[in-house]
Amino acid sequence: MLDTLLEEIRRCQVCGPNLIDGANPIIQASAKAKILIIGQAPGLKVHRSSIPWDDASGDRLREWLSMDKSDFYDPNLVAIVPMGLCYPGKSKSGDLPPRKECAPLWHQRVLEQLSNVEMTLLIGQYAQKYYLPNKPTTLTETVQQWQRWAPIFIPLPHPSPRNNIWLKSNGWFEQSVLPYVRTHLATLGTDK
């Protein structure tokens, strides 16, 4: 059933007419997945390769998680379902926000098939706003209060190189949040 749904998603053209680079839904999932990553939307490099997190942000995310590529790209371990499944295009200061059609159209149907997920990483403000009720106003406050939702949901900043200043200004993130995430992921079998 999930395989059929994933095929349907990968053929989706709902936003195609609004995307300068065309529709190319990027998703990775298996009913066996223990970890769910919900980020923003694929970047241009990912759009071109069709491999989720196949860019500098993905390199940093895997480093944060102490996870090698073989585990990260194993759909039986990690499901990757971004808020926007296609590359939204460029803005003046980075990529455009994820398309608003994707999450309401697909997320619930996919998540119903992911009954083994034990930890969901909510990367960036769009995922956090969608999935965390009564969250604080800013991303920094939300990530600082990560224990409110752990271990089911863990809010993380986006690992983009554009966030280097945020990471330098918020050293507590690497000192308290990442060790918890790594320890919890190790209990799920990601510490090979």
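**Reading a predicted fold, one feature at a time**

Mentor: Let us begin with Phe72, which counts as buried at 0% relative accessibility. Please keep in mind that this is a predicted model.

Trainee: Which charged residue sits over the ring of Phe72?

Mentor: That is Arg62, whose charged end is 5.1 Å from the centre of the Phe72 ring.

Trainee: How many aromatic pairs does a search of the whole structure find?

Mentor: The search finds eight aromatic pairs. One of them joins Phe72 and Tyr73 in an edge-to-face arrangement, with 5.0 Å from centre to centre and 90° between the planes. Phe72 is buried, as we saw, whereas Tyr73 is partly exposed, with a relative accessible area of 23%.

Trainee: What about Tyr131 and Phe153: how far apart in sequence are the parts that this pair ties together?

Mentor: First, the geometry. Tyr131 and Phe153 form a tilted pair, 6.2 Å centre to centre, with 35° between the planes. Tyr131 belongs to helix H6 and Phe153 to strand S6, so this pair ties together parts that are 22 residues apart in sequence. Tyr131 has a relative accessible area of 16% and is buried, while Phe153, with 21%, is partly exposed.

Trainee: Which residues form one aromatic cluster?

Mentor: Trp64, Trp166, Trp172 and Phe173 form it.

Trainee: Then let me ask about helices. At what angle do H3 and helix H9 pack?

Mentor: Helix H3 and helix H9 (residues 172–187) pack at about 75°, with their axes 8 Å apart. Angles of 65 to 115 degrees count as roughly perpendicular, and H3 and H9 are therefore roughly perpendicular to each other. On the H3 side, Glu63, Trp64 and Leu65 make the contact. On the H9 side, the contact residues are Phe173, Glu174, Leu178, Val181, Arg182 and Leu185.

Trainee: Now the strands. What is the order of the strands in the open sheet?

Mentor: The general idea is that strands of a sheet pair through backbone hydrogen bonds, either parallel or antiparallel. Here, four strands make an open sheet in the order S2-S1-S5-S6, and the pairing is parallel. Strand S2 (78–80) and strand S6 (153–156) are the edge strands, each pairing on one side only. Neighbouring strands of this sheet are turned by 20° against each other on average, direction ignored.

Trainee: Over how many bridges do S1 and S5 pair?

Mentor: Strand S1 (residues 35–38) and strand S5 (residues 119–123) pair over four bridges, in the parallel sense. To find the place by eye, look for Ile37, which stands opposite Leu121 in S5.

Trainee: Where is Ser50 found, and what is its phi?

Mentor: Ser50 is in the loop between helix H2 (44–49) and helix H3 (56–65). Its phi is positive, about 65°, although Ser50 is not a glycine. Ser50 is partly exposed, at 40% relative accessible area.

Trainee: And Asn134: is it buried or exposed?

Mentor: Asn134 is exposed, with a relative accessible area of 69%. Asn134 also has a positive phi, about 55°, without being a glycine. Look for Asn134 in the loop between helix H6 (125–131) and H7.

Trainee: Which residues does a cis peptide bond join?

Mentor: The cis bond is between Ala150 and Pro151, with omega about 0°. Pro151 lies in the loop between helix H7 (139–144) and S6.

Conventions
Residues are numbered from 1 along each chain as its sequence is written. This is a predicted model: local features need pLDDT of at least 70, side-chain atom pairs count only at pLDDT 80 or more; totals for chains, interfaces and linings use all residues. Side-chain values use heavy atoms; hydrogens and water are left out. Two strands pair if DSSP finds at least two bridges between them. Helices (H or I, at least four residues) and strands (E, at least two) are DSSP runs, numbered from the N terminus. Axes are lines fitted to C-alpha atoms, for helices over the stretch in contact, and angles run from 0 to 180 degrees between N-to-C directions. Buried means under 20% relative accessible area, exposed over 50%, partly exposed in between (1.4 Å probe, protein chains only). Rings of Phe, Tyr and Trp (its six-membered ring) pair if their centres lie within 6.5 Å; planes under 30 degrees apart count as stacked, over 60 as edge-to-face and the rest as tilted. A charge sits over a ring if NZ of Lys or CZ of Arg is within 6 Å of the ring centre and within 35 degrees of the ring normal. Angles under 35 degrees count as roughly parallel, over 145 as roughly antiparallel, 65 to 115 as roughly perpendicular and the rest as oblique. Contact means heavy atoms within 4.5 Å.
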